[in-house]
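Let's take a friendly walk through a protein structure together. Have the sequence and the 3D view ready, and look up each residue as we come to it.

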Amino acid sequence: MASQLLRPAELADAAARDQDPVVQDLCATAALTAPRDEESYESVLPPLLSARNPRVRSAGVTALRRAGRSKQAEPFLSDRSALVRACARYVVRQQGGDPAAWYRERCKAPNDPELLPGAVIGLAECGNRADAGLLRPLLVHPAAGVRARAVAGLRALDCADVKQMRPLLDDPAAEVVRETATALLPSVGLLADPDMKLRTWAAQSVQRWRPSPDGRRGDAEVGELLDRSRHLFSDFVLRRRKWEAGVAG
């Protein structure tokens with residue numbers, strides 16, 4: 001109905017401005033269904049690609065392939081939104097590009113003031129454990145956002161090193177401290193750490209832990225870690241956690 005009342009450019013503007021997710025999706029879809037020529041895309045894509053909402057931006061990025069403008073998706077590989085980054089990687093791959101190589105090229109200069117946080121976490125999202133070698137030097141990057149994403153990236157690659165990351169718990173940027181605590185807390189050994197703040201965070205993290213819905217159930221190591229943390233739970237809650245994890249009570 002909306003597509004019959006508004007022109008594609010007006011629909012794109014509505015998708016970019018409206019606060020309602022349903023309206024955003026409907027208008028973005030309608031706007032992108034209409035274009036049939038280069039001139040139409042010229043009026044539709046800019047408002048979508050510059051929208052604050054990541055769902056709208058991701059729709060615009062995905063449409064770049066259909067518009068024959070896949071190359072324009074590359075800058076969105078470092079977008080602040082994981083959804084937009086994923087869409088950009090899809091478009092880039094469809095044109096034969098290599099997003100991982102794109103990320104590695106940008107992360108190889110540890111003091112680059114132009115490095116965007118999205119490029120750092122993007123490398124972890126599509127790279128491998130060997131890429132930890134590019135992320136570790138970024139832990140001391142001058143930009144707090146880059147440091148925080150480097151920590152998050154190392155955690156995502158399962159390469160978080162307690163000794164190396166511990167100093168970041170005193171980082172002046174709150175976002176870096178949060179990411180560092182999140183990266184270190186899965187180590188139940190931190191429950192006995194000399195640092196009282198870290199012991200407290202570790203205990204709270206273990207108490208809040210829930211098995212991932214798509215995670216592997218019945219992992220004996222999970223049961224062992226819960227047993228080592230039994231002092232943090234009542235008997236009932238401990239049995240409940242172990243049941244959720246699919247391990248013996």
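Leaving aside its neighbours within four places in sequence, which residues is Val176 in contact with? Keep in mind as you look that this is a predicted model. The residues that Val176 touches are Ala144, Arg147, Ala148, Leu168 and Asp171. Val176 itself lies in helix H12, which covers residues 174–184. Is Val176 buried or exposed? Its relative accessibility is 0%, and buried means under 20%, so Val176 counts as buried. Val151 is 25 residues away from Val176 in sequence, and their C-alpha atoms are 7.6 Å apart in space.

**The whole chain**

Now zoom out. The protein chain has 15 helices and zero strands. Its radius of gyration is 22 Å, well over the 18 Å that the globule rule gives for 249 residues, so the chain is more spread out than a compact globule. Along its principal axes, the C-alpha trace spans about 65 × 45 × 30 Å.

How much of the chain is buried? Of the 249 residues, 43% count as buried. The accessible surface comes to about 13,600 Å², and carbon and sulfur atoms account for 53% of that surface. Contacts also tell us about the fold: among those between residues at least 6 apart in sequence, 53% join residues at least 24 apart. As for charge, the chain has 37 positive and 32 negative charges, and the mean positions of these two groups are 4 Å apart.

**Inside the cores**

The largest nonpolar core has 61 residues, and the members that touch the most others are Leu45, Leu48, Val61, Val120, Leu135 and Leu138. Helix H10, residues 144–156, gives the most to this core, with seven residues. Another core, of eight residues, lies apart from it and includes Ala202, Ala203, Val206 and Leu238.

Beyond its neighbours within four places in sequence, Leu135 is in contact with Val120, Leu123, Ala124, Ala150, Gly153, Leu154 and Leu157.

Helix H3 runs over residues 21–33 and holds Thr33. Ala30 has its place in helix H3 too. How exposed is each of them? Ala30 has a relative accessible area of 15%, and the cut-off for buried is under 20%, so Ala30 is buried. Thr33 has a relative accessible area of 47%, which makes it partly exposed.

| Pair | Apart in sequence | Apart in space |
|---|---|---|
| Val176 and Val151 | 25 residues | 7.6 Å |
| Thr33 and Arg136 | 103 residues | 44 Å |

**A backbone detail**

Finally, find Asp158 in the loop between H10 and helix H11 (162–165). What is the phi of Asp158 near? The value is near 60 degrees, which is positive in a residue other than glycine. To put that in context, most residues other than glycine have a negative phi. Is Asp158 buried or exposed? Its relative accessibility is 60%, and exposed means over 50%, so Asp158 counts as exposed.

Notes: Residues numbered from 1 in each chain as written. Predicted model: local features only at pLDDT ≥ 70, side-chain atom pairs only at ≥ 80, totals over all residues. Heavy atoms only, no water. Helix = DSSP H or I, 4+ residues; strand = E, 2+ residues; numbered from the N terminus. Rg over C-alpha atoms; globule rule 2.2 N^0.38 Å. Buried < 20%, exposed > 50% of the residue type's maximum accessible area, 1.4 Å probe, protein only. Contact = heavy atoms within 4.5 Å. Areas by Shrake-Rupley, 256 points an atom, 1.4 Å probe, with all protein chains shown as cover. Lys, Arg positive; Asp, Glu negative; His and termini not counted. Charge placed at Lys NZ, Arg CZ, Asp CG, Glu CD. Core = buried A, V, L, I, M, F, W, Y, C linked by side-chain atoms within 4.5 Å.
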